[in-house]
Amino acid sequence: MNRWSKNSMAAIEGIHPHLKQILNGVLIDHDCAVLSGLRSLEEEQENEKKGVSWIDPVKSKHLKQVDGFAWAVDVVPCFNHQRLITTKTGFGLREAGLFGFFLAKVDEEARRYFAGQRLINREKWHLRFGMFWTPQDWFHIELVQEKGAS
């Protein structure tokens with residue numbers, strides 16, 4: 001069974017419990033590393049200056065939201081104990097396949113978890129993946145609470 005590294009444990013602090021549960025479920029079968037979770041406004045502004053963040057820093061889901069948690073996380077899959085590396089242009093063919101496999105695992109775990117939340121709490125959530133944005137934010141995953149949710 002896989003375990004979180006000390007760096008990942010620190011990065012998980014402050015993220016929404018739903019994200020924690022989903023990532024813990026993924027970790028059972030698939031190794032991954034959490035690069036970033038909760039950030040300060042200053043960190044977001046610095047990331048924008050460096051060109052590694054494209055969203056208005058005030059709107060970032062990495063900031064503490066109204067419930068006191070970050071609703072976003074940057075997570076990278078690991079294969080054979082090595083992090084999957086990307087460049088600004090993305091992945092090679094092999095890496096793209098591995099990354100797609102990992103995202104399918106995350107999506108599967110999230111759907112299972114959120115189905116339970118709908119039954120128990122009538123909460124409606126889903127995940128949004130930064131890899132589908134323009135420009136792409138490959139390792140970004142964020143919570144979205146659906147309209148009409150309690």
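Contact here means heavy atoms within 4.5 Å; helices (H or I, at least four residues) and strands (E, at least two) are DSSP runs, numbered from the N terminus. The model is predicted, so that local features need pLDDT of at least 70 and side-chain atom pairs count only at pLDDT 80 or more, whereas totals for chains, interfaces and linings use all residues. Residues are numbered from 1 along each chain as its sequence is written, and side-chain values use heavy atoms, with hydrogens and water left out.

Within α2, the buried positions are His 18, Leu 19, Ile 22, Leu 23, Gly 25, Val 26 and Leu 27. Buried denotes under 20% relative accessible area, exposed over 50%, and partly exposed the range in between (1.4 Å probe, protein chains only). Leaving aside neighbours within four places in sequence, Asp 31 is in contact with Asn 2, Pro 77, Cys 78 and His 81.

The whole structure contains 7 salt bridges, each defined as a side-chain nitrogen of Lys or Arg within 4 Å of a carboxyl oxygen of Asp or Glu. In one of them, Asp 107 pairs with Arg 111 (2.8 Å, N to O); the two are 4 residues apart in helix α4, about one helical turn. Asp 107 is partly exposed at 24% relative accessibility, and Arg 111 is exposed at 58%. Glu 109 and Arg 112 form another salt bridge (3.0 Å, N to O) and lie 3 residues apart in α4. A further salt bridge joins Glu 142 and Arg 128 (2.9 Å, N to O). This pair links distant parts of the chain, with Glu 142 in strand β5 and Arg 128 in strand β4, 14 residues apart. Glu 142 is buried, with a relative accessible area of 5%, while Arg 128 is partly exposed at 34%.

Helix α3 (41–50) gives the most to the lining of the largest pocket, with 3 residues. β1 (32–36) and β5 (140–145) each supply at least two.
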